[in-house]
Amino acid sequence: MTKKQIHKEIRKQFYEVINEKFPQYDIDSDGFGRVQLVDGRNAIEYHMSRHTLCGYSDNSKQCHDDELEMEELLNEIVKQYNI
């Protein structure tokens with residue numbers, strides 16, 4: 001696989017995990033390399049090239065907890081590809 005294909009596969013698997021384990025979050029892309037996972041007034045940014053998450057400081061406690069769990073799951077996916 002090329003690096004581009006690897007990044008695409010990581011994103012695909014991550015979105016599947018979000019849809020399965022966190023259905024309350026809508027996936028919204030800005031078209032510039034960042035995706036927002038939105039649940040009402042809570043939002044978590046997913047940086048597609050770095051495969052990192054960044055939540056806002058005014059998110060709810062539940063959203064912060066979700067972000068930590070998402071990050072663990074994302075890191076497991078990324079580790080499979082050694083990038």
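Which residues form one aromatic cluster? Phe 14, Tyr 15 and Tyr 46 do, and the views below lead up to them. This is a predicted model, in which local features need pLDDT of at least 70 and side-chain atom pairs count only at pLDDT 80 or more, while totals for chains, interfaces and linings use all residues. Residues are numbered from 1 along each chain as its sequence is written, and side-chain values use heavy atoms, with hydrogens and water left out.

**View 1. The whole chain holds two helices and four strands.** Helices (H or I, at least four residues) and strands (E, at least two) are DSSP runs, numbered from the N terminus. Starting at that end, the elements follow the order α-β-β-β-β-α. The C-alpha trace spans about 40 × 25 × 20 Å along its principal axes. A compact globule of 83 residues would have a radius of gyration near 12 Å, and the chain agrees with its 12 Å; this radius is taken over C-alpha atoms, and the globule rule is 2.2 Å times the number of residues to the power 0.38.

**View 2. Four strands make an open sheet in the order β1-β2-β3-β4, with antiparallel pairing.** Strands pair here if DSSP finds at least two bridges between them. At the edges lie β1 (26–29) and β4 (52–55), each pairing on one side only. On average, neighbouring strands are turned by 25° against each other, direction ignored. For such angles, axes are lines fitted to C-alpha atoms, for helices over the stretch in contact, and values run from 0 to 180 degrees between N-to-C directions.

**View 3. Strand β3 (residues 42–47) pairs with β4 over four antiparallel bridges.** Look for Tyr 46 opposite Leu 53 in β4, and for Glu 45 with its bridge partner Cys 54. Helix α1 (residues 3–21) packs on the sheet and touches β1, β2 (34–39), β3 and β4, with its direction at about 160° to that of β3. Contact means heavy atoms within 4.5 Å. Helix α2 (residues 61–79) also packs on the sheet, touching β2, β3 and β4, and its direction makes about 175° with that of β4.

**View 4. Six bridges join β2 to β3, which run antiparallel.** Val 38 sits opposite Ala 43 of β3. Two residues lie between the strands in this hairpin, where Gly 40 takes a positive phi near 65°. The hairpin of β3 and β4 has four residues between its strands, and there His 51 takes a positive phi near 55°.

**View 5. Strand β3 is mostly covered, with six of its six residues buried.** Asn 42, Ile 44 and Tyr 46 point one way, whereas Ala 43, Glu 45 and His 47 point the other way.

**View 6. The structure holds four aromatic pairs.** Rings of Phe, Tyr and Trp (its six-membered ring) pair if their centres lie within 6.5 Å; planes under 30 degrees apart count as stacked, over 60 as edge-to-face and the rest as tilted. One of these pairs, Phe 14 with Tyr 15, is tilted, at 6.4 Å centre to centre and 45° between the planes. Phe 14 and Tyr 46 form another tilted pair, at 4.7 Å and 45°. Phe 14 lies in helix α1 and Tyr 46 in strand β3, so this pair ties together parts 32 residues apart in sequence. Phe 14 counts as buried at 0% relative accessibility, and Tyr 46 counts as buried at 0% too.

Key
Buried < 20%, exposed > 50% of the residue type's maximum accessible area, 1.4 Å probe, protein only.
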